[in-house]
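Have the coordinates open as you read.

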Amino acid sequence: MTAPRKPATILASAGVAADPGRRAIVPPVQVSDTFEWADPDTKPDYDYSRTVNPNRDLLAAALAELEDAAGGAVTNSGQSAALLATLLLPAGALVVAPHDCYGGTYRLLQGLADQGKLRAVFVDQRDDAAFAAALAEQPALVWLETPSNPLLRLVDIAQRAAVAKAAGALVLADNTLPTPLRQQPLALGCDLVLHSTTKALNGHADLFGGALLAADPALVEQLHWWANAAGLNGSATDASQILRGLRTLPLRVDRQEATAQQLASWLAAQPGVREVHYPGLDSHPDKALADRQQAGPGFMIAFRVTGDSAAFLKGLDLITLASSLGGFATLICAPATMTHRGMPPEAQAEAGIHPDLLRLSVGLEEADDLIADLARGFEAAASA
Ligand SMILES: *Cc1c(COP(=O)(O)O)cnc(C)c1O
């Protein structure tokens with residue numbers, strides 16, 4: 001047994017000189033939709049790019065090694081990876097998801113439930129009694145998302161996965177926010193790990209992509225079967241670009257996280273701040289779990305301002321008001337009207353997504369410049 005390779009090594013060597021043609025250092029982009037057969041009875045390894053493509057395979061192999069998965073499907077968005085997960089389930093199956101999950105996850109599961117294709121319940125998964133009650137309904141799939149988006153609440157993956165599996169459910173973790181560098185859901189007992197590669201994994205905010213990886217080779221087979229059947233796989237060009245972005249993921253996450261820690265501490269000391277949610281702060285209710293479960297608190301911060309939050313946002317100059325996260329540029333959003341608008345107001349209130357809650361995705365700018373910009377926002381909010 002050789003020791004597992006470290007992420008930076010996996011990503012610096014993925015696909016290097018692996019091109020069987022000319023041993024190119026950078027894997028060539030194989031955009032061809034189809035490939036020649038030697039004869040009609042001998043199916044080549046690569047035949048039709050919806051089914052299988054060399055660039056997608058290289059990306060899937062790198063992601064699988066990062067997550068210690070047996071393999072998985074590289075899809076054309078995070079949402080198509082989520083849809084792929086639901087295709088594994090029989091009609092009418094019950095899915096238990098967090099009440100404060102990603103807005104798109106809520107929209108998809110609720111939409112499928114409204115059509116009777118499956119049943120969905122959204123529970124506060126930190127609540128032992130609520131989680132046990134949901135498991136008593138015999139879900140086919142338990143969907144975890146920790147830290148949650150936007151409020152960065154944590155659940156104990158090892159504990160939740162163990163009881164969910166004992167109840168007969170498949171367990172999936174959306175690992176988009178922490179990235180494989182900060183959290184390893186399969187090692188903690190999950191069956192499936194989902195990524196929106198649109199976010200930190202690509203990191204350059206210029207494409208959409210997703211992945212659904214599994215620990216069990218039989219499940220990997222099913223993922224490939226359904227991704228091909230439903231046409232959910234991503235393009236060769238996008239797979240190549242995502243692998244390019246991934247090569248610097250360890251550097252970017254270290255830097256973004258260090259800056260986020262600085263910003264969160266600064267925010268917590270501002271009189272214009274009502275509350276800060278960041279797993280790297282001692283004030284975070286799940287700090288001990290974060291220290292145990294995650295290799296770092298990450299680059300996302302949520303906070304509420306005491307003054308006029310619209311004026312605060314208008315006062316910003318460097319930080320841009322936009323959805324999405326994990327990219328090189330620092331973005332801020334108001335989840336209630338932006339990322340989570342697919343969630344009805346009652347569900348938002350229950351999840352704690354207040355109209356004045358702001359979510360910050362910290363990028364690669366200098367921390368001092370970001371702090372100066374936030375200070376401009378507080379000045380604007382105070383004089384509104
Ligand atoms: C963005 C996101 C998704 C959806 O991914 P897309 O690539 O936008 O389809 C799913 N989960 C989380 C946590 C996300 O942030």
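## Cysteines without partners

Searching the whole structure turns up zero disulfides. Keep in mind that this is a predicted model.

The largest nonpolar core has 45 residues. Apart from it lies another core, of 38 residues, with C101, L141, L151 and A351 among them. As background, nonpolar side chains in soluble globular proteins tend to be buried together.

C190 is worth a click. Setting aside neighbours within four places in sequence, C190 touches L144, I157, A161, V171, A173, P185 and A215.

## Where α2 meets α9

Helix α2 (residues 54–67) packs against helix α9 (residues 236–246) at an angle of about 40°, and their axes are 8 Å apart. The crossing of α2 and α9 is left-handed. On the α2 side, the contact is made by N55, R56, L58, L59, A62, L63 and L66; α9 brings A236, A239, S240, I242, L243 and L246. Sorted by class, that contact has 10 nonpolar, two polar and one charged residues.

Most residues other than glycine have a negative phi, and most peptide bonds are trans, so a few spots here deserve a look. The T146 to P147 peptide bond is cis, with omega near 0°, and N149 and P150 are also joined by a cis bond, with omega about 10°. P147 sits in the loop between β4 (141–145) and α6 (157–166), and P150 is in the loop between β4 and α6 too.

That loop also holds L152, which has a positive phi of about 60° although it is not a glycine. Is L152 buried or exposed? L152 is buried, with a relative accessible area of 2%. Q138 is another non-glycine residue with a positive phi, near 60°. Q138 lies in the loop between α5 (128–136) and β4, and Q138 is exposed, with a relative accessible area of 62%.

Definitions and conventions
Residues are numbered from 1 along each chain as its sequence is written. This is a predicted model: local features need pLDDT of at least 70, side-chain atom pairs count only at pLDDT 80 or more; totals for chains, interfaces and linings use all residues. Side-chain values use heavy atoms; hydrogens and water are left out. Axes are lines fitted to C-alpha atoms, for helices over the stretch in contact, and angles run from 0 to 180 degrees between N-to-C directions. Helices (H or I, at least four residues) and strands (E, at least two) are DSSP runs, numbered from the N terminus. A crossing is left-handed if the near helix is turned anticlockwise from the far one by less than a right angle, and right-handed if clockwise. Contact means heavy atoms within 4.5 Å. Ala, Val, Leu, Ile, Met, Phe, Trp, Tyr, Cys and Pro count as nonpolar, Asp, Glu, Lys and Arg as charged, and the others, Gly among them, as polar. A nonpolar core is a set of buried Ala, Val, Leu, Ile, Met, Phe, Trp, Tyr and Cys residues joined through side-chain atoms within 4.5 Å. Buried means under 20% relative accessible area, exposed over 50%, partly exposed in between (1.4 Å probe, protein chains only). A disulfide is a pair of cysteine sulfur atoms within 2.5 Å.
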